[in-house]
Amino acid sequence: MRAFFVVLCLISIGSVAHASLTIDLTKGSTHSSVFELQNYLITQQLLSAPATGYFGTATVQAVMRFQKREGLPVTGTVGPLTRLRMQASMDKLSKRGQTT
């Protein structure tokens with residue numbers, strides 16, 4: 001099971017490398033950006049549920065953990081400040097992927 005999770009994370013890192021969050025996301029959202037968000041949260045070990053593309057309770061909680069970790073207002077929604085911080089982190093992951 002652990003090996004499966006590691007492989008899933010590595011696959012997710014590849015998809016996050018080209019991700020771009022451009023819209024606000026809230027509980028109940030269904031959009032390709034939610035899937036990208038969830039994959040990112042999985043790589044950060046903030047979300048243990050699989051990426052589904054639906055912004056549900058598990059995603060809200062994972063976003064709140066990210067916001068707390070980053071010193072952002074803890075709202076559980078992905079608005080401009082959270083998107084900016086996540087995008088910066090995704091860009092770092094992308095650069096790491098390109099140099100390895």
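1. Start with burial: of the 100 residues in the chain, 39% are buried, where buried means under 20% relative accessible area, exposed means over 50%, and partly exposed is in between (1.4 Å probe, protein chains only). Keep in mind that this is a predicted model, in which local features need pLDDT of at least 70, side-chain atom pairs count only at pLDDT 80 or more, and totals for chains, interfaces and linings use all residues. Residues are numbered from 1 along each chain as its sequence is written, and side-chain values use heavy atoms, with hydrogens and water left out.

2. On confidence, the chain has an average pLDDT of 83, and 77% of the residues score at least 70; pLDDT is the predictor's confidence in each residue, from 0 to 100. A contact here means heavy atoms within 4.5 Å.

3. Helices (H or I, at least four residues) and strands (E, at least two) are DSSP runs, numbered from the N terminus. Among contacts with a separation of 6 or more, 44% are between residues 24 or more positions apart. The chain's accessible surface is about 5900 Å², and carbon and sulfur atoms account for 60% of that; these areas come from the Shrake-Rupley method with a 1.4 Å probe, and for residues only the protein chains shown count as cover.

4. Which residues touch the most other members of the largest nonpolar core? They are Leu37, Leu41, Phe55 and Met86, in a core of 19 residues. Helix H2 (32-43), helix H3 (57-70) and helix H4 (80-99) are the elements that give two or more residues to this core, and H2 gives the most, with 5 residues. By nonpolar core I mean a set of buried Ala, Val, Leu, Ile, Met, Phe, Trp, Tyr and Cys residues joined through side-chain atoms within 4.5 Å. As background, nonpolar side chains tend to be buried together in soluble globular proteins.

5. Leu37 deserves a click in the viewer. Not counting residues up to four places away in sequence, Leu37 touches Leu21, Leu25, Phe55, Thr59, Val63, Val78 and Met86.

6. Now H2 as a whole. H2 is largely enclosed by the rest of the structure, because 9 of its 12 residues are buried. The buried set is Ser33, Val34, Leu37, Gln38, Asn39, Tyr40, Leu41, Ile42 and Thr43. From first C-alpha to last, H2 reaches 17 Å, close to the 16 Å expected at 1.5 Å a residue; the expected span is 1.5 Å times one less than the number of residues.

7. Ser33, in helix H2, counts as buried at 3% relative accessibility. Leaving out residues up to four places away in sequence, Ser33 touches Ser20, Leu21, Ile23 and Leu25.

8. The structure holds 1 aromatic pair. Tyr40 and Phe66 make up this edge-to-face pair, at 6.0 Å centre to centre with 75° between the planes. Tyr40 is in helix H2 and Phe66 in helix H3, so the pair ties together parts 26 residues apart in sequence. For the cut-offs: rings of Phe, Tyr and Trp (its six-membered ring) pair if their centres lie within 6.5 Å, and planes under 30 degrees apart count as stacked, over 60 as edge-to-face and the rest as tilted. Tyr40 is buried at 0% relative accessible area, and Phe66 also counts as buried at 0%. Tyr40 and Gln87 are 47 residues apart in sequence, and their C-alpha atoms are 9.8 Å apart in space.

9. Over in helix H4, Thr82 counts as buried at 4% relative accessibility. Its contacts, leaving aside neighbours within four places in sequence, are Phe66, Gln67, Leu72 and Thr77.

10. Is Gln45 buried or exposed? At 65% relative accessibility, Gln45 counts as exposed. Gln45 is in the loop between H2 and H3, and has a positive phi of about 60° although it is not a glycine. For context, most residues other than glycine have a negative phi.
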